[in-house]
Amino acid sequence: MGLVHPLPQPASADDAPQHMAGVVRSIDSSHCGLCGDKLSARALRHHVVSPQSCDATLTVCHTCHKAALGEGYRPAQ
């Protein structure tokens with residue numbers, strides 16, 4: 001493993017970077033993880049956990065969500 005070094009501290013409070021406060025949102029996948037269809041901004045997205053690949057979470061479309069639950073996938077929480 002690589003070594004991690006801490007970032008240098010600012011010399012004073014005036015030198016500290018100014019950050020804007022805001023809401024942090026996760027970026028959803030733009031394609032279904034199962035069928036590959038493009039997910040538009042208004043498309044329903046569901047997150048499921050794969051039973052095959054070390055509990056990997058996939059973002060899937062509404063149609064694949066229904067099929068995935070019948071195939072052993074489970075909803076991600």
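These are my notebook entries on a predicted protein model.

**Ground rules**

I number residues from 1 along each chain as its sequence is written, and my side-chain values use heavy atoms, with hydrogens and water left out. Since the model is predicted, I need pLDDT of at least 70 for local features and 80 or more for side-chain atom pairs, while totals for chains, interfaces and linings use all residues.

**Entry 1: the overall plan**

I looked up the secondary structure first. I took helices (H or I, at least four residues) and strands (E, at least two) as DSSP runs, numbered from the N terminus. Along the sequence I read the pattern β-β-α-β.

Next I checked burial. I call a residue buried under 20% relative accessible area, exposed over 50%, and partly exposed in between (1.4 Å probe, protein chains only). The protein has 77 residues, and 17% of them count as buried.

Among contacts with a separation of 6 or more, 36% join residues 24 or more positions apart.

**Entry 2: the sheet**

In what order do the three strands lie in the sheet? I found β2-β1-β3, in an open sheet with antiparallel pairing. The edge strands are β2 and β3 (74-75), and each of these pairs on one side only. I count two strands as paired if DSSP finds at least two bridges between them.

β1 and β2 are joined by four bridges, in the antiparallel sense. There, Val-49 stands opposite Thr-57 of β2. β1 and β3 are also antiparallel, over two bridges. On that side, Val-48 faces Pro-75 of β3. I noted the background too: strands of a sheet pair through backbone hydrogen bonds, either parallel or antiparallel.

**Entry 3: the helix**

Helix α1 covers residues 62-70, and its buried residues are Cys-64, His-65 and Ala-68. Down the axis of α1, these fall within an arc of 105°, so they line one face of the helix. I took the arc from the directions from the helix axis to the C-beta atoms. Thr-63, Lys-66 and Gly-70 are exposed on the other side of α1. What do the buried residues of α1 pack against? They pack against β1 (46-49) and β2 (57-60). After α1 comes Gly-72, and its phi is positive, near 105°.

**Entry 4: the core**

I define a nonpolar core as a set of buried Ala, Val, Leu, Ile, Met, Phe, Trp, Tyr and Cys residues joined through side-chain atoms within 4.5 Å. The largest one has eight residues, including Leu-39, Val-48, Val-60, Ala-68 and Tyr-73. Cys-32, Cys-61 and Cys-64 also belong to this core.

I followed Val-60 further. Leaving out residues up to four places away in sequence, Val-60 touches Cys-32, Gly-33, Leu-34, Leu-44, Arg-45, His-46, Val-48 and His-65.

**Entry 5: the cysteines**

How many disulfides are there? With a disulfide taken as a pair of cysteine sulfur atoms within 2.5 Å, I count zero. Cys-32 is buried, at 5% relative accessibility. Its closest cysteine sulfur is in Cys-35, 3.7 Å away, which is too far for a bond. Cys-61 is buried too, at 12% relative accessibility. For Cys-61 the closest cysteine sulfur is in Cys-64, at 3.6 Å, again too far for a bond.

**Entry 6: two residues outside the strands**

Is Leu-44 buried or exposed? Leu-44 is exposed, with a relative accessible area of 54%. I found Leu-44 in the segment before β1. Beyond four places in sequence, Leu-44 touches Leu-39, Val-60, Cys-61 and His-62. Leu-44 and Cys-61 are 17 residues apart along the chain, yet their C-alpha atoms are separated by 6.2 Å.

Ala-76 sits in the segment after β3. At 27% relative accessibility, Ala-76 counts as partly exposed. Leaving aside neighbours within four places in sequence, Ala-76 is in contact with His-47, Val-48, Val-49 and Thr-57. I also checked Ala-76 against Thr-59, 17 residues apart along the chain: their C-alpha atoms are separated by 9.5 Å.

How values were computed. Contact means heavy atoms within 4.5 Å.
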